[in-house]
Amino acid sequence: MSTISGEDQPYLSSADSPFSPFTGFTYFRLENFEDHLLNTPGVTAPVGGVTSVVFGSSIHDSVDADDGSVDGSGLAGDSFFSSSGSAGVSFVFDASTLGSLPDMVGIVWTDGAGTISFEAFDASNLSLGILTGTHADGSNNGETADDRFYGVTNAGGISRIHISNGSGGIEVDHLQYGLRGSVGQVPEPASLALLGIGLASLTVMRRRKPVTLI
Ligand SMILES: [Ca+2]
Ligand SMILES: [Ca+2]
Ligand SMILES: [Ca+2]
Ligand SMILES: [Ca+2]
């Protein structure tokens, strides 16, 4: 069983993750890029880099709380950026480093333009599905009301996620991945449950019912 899902409300701090409070994991990692590095173990990004490094010191769109204040601005935090939003960014997981692929992965889209598209891939690099969103606010000045979580669970493991948007650059934050089950012993056949395409139907993923639904 796998599920790919998003949120219809802004993600302003890690408490807004459907994985929160992050209990019951064999391992769980959350990369917020505030040390200006992508250095949580077992993940690499072939394209893009930490925003402060590859873009510069200004106009970051971090998750709001990362600068110490949920104040509607992510300018003072750091994030992950690529100049081609349409090509998007990928995060690739390494089972040998982690011991096992994660069975839960999430990412927070924080800036870009056009339609957002999130896709996840299983242990055989086959797509688990695509989720789209249309919440970009048309501004790139660090506003956080347009920031949204996208995530996936898959009992057989997740090897990669990819997120893109229609035009301009793309910025993401709070890469999070963990293992709750026992990926690798008996992979289940790929079966996908898309919990809605379009923001209205994503309401069911709000944080009070996260674990049973994702
Ligand atoms: Ca951040
Ligand atoms: Ca880091
Ligand atoms: Ca802030
Ligand atoms: Ca934003």
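1. Let's start with His-174. In this predicted model, His-174 is buried, because 26 other C-beta atoms lie within 10 Å and 20 or more are enough for that label. His-174 sits in strand β10, residues 158-179. Its phi is positive, about 50°, although His-174 is not a glycine. For context, most residues other than glycine have a negative phi.

2. The setting is a loop, the one between β2 and β3 (43-44). Is His-36 buried or exposed? His-36 is exposed, because it has 12 other C-beta atoms within 10 Å and the exposed class takes in residues with 12 or fewer.

3. While you are checking the backbone, please look at the step from Ser-20 to Pro-21. That peptide bond is cis, with omega near 10°. Pro-21 belongs to the loop between β1 and β2 (27-31). As background, most peptide bonds are trans.

4. Now to strand β1, residues 2-6. Here 5 of the 5 residues are buried, so the strand is largely enclosed by the rest of the structure. Which residues point which way from β1? Ser-2, Ile-4 and Gly-6 point one way, Thr-3 and Ser-5 point the other way, and all are buried.

5. β1 pairs with strand β9 (residues 148-154) in the antiparallel sense, over 5 bridges.

6. Next, the nonpolar core. The largest one has 40 residues, and the members touching the most other members are Ile-107, Ala-120, Ile-158, Ile-161, Ile-163 and Val-172. Two or more residues each come from β5 (80-82), β6 (89-93), β7 (104-122), β8 (127-133), β9 and β10. Which element gives the most to this core? That is β7, with 9 residues. In soluble globular proteins, nonpolar side chains tend to be buried together.

7. Leaving aside neighbours within four places in sequence, Ile-158 is in contact with Phe-93, Leu-101, Pro-102, Asp-103, Val-105, Ala-120, Phe-121, Asp-122 and Val-152.

Technical notes:
Residues are numbered from 1 along each chain as its sequence is written. Chains are lettered from A and ligands numbered from 1 in the order in which they are written. This is a predicted model: local features need pLDDT of at least 70, side-chain atom pairs count only at pLDDT 80 or more; totals for chains, interfaces and linings use all residues. Helices (H or I, at least four residues) and strands (E, at least two) are DSSP runs, numbered from the N terminus. Two strands pair if DSSP finds at least two bridges between them. A nonpolar core is a set of buried Ala, Val, Leu, Ile, Met, Phe, Trp, Tyr and Cys residues joined through C-beta atoms within 7 Å. Two residues are in contact if their C-beta atoms, placed from the backbone, lie within 7 Å.
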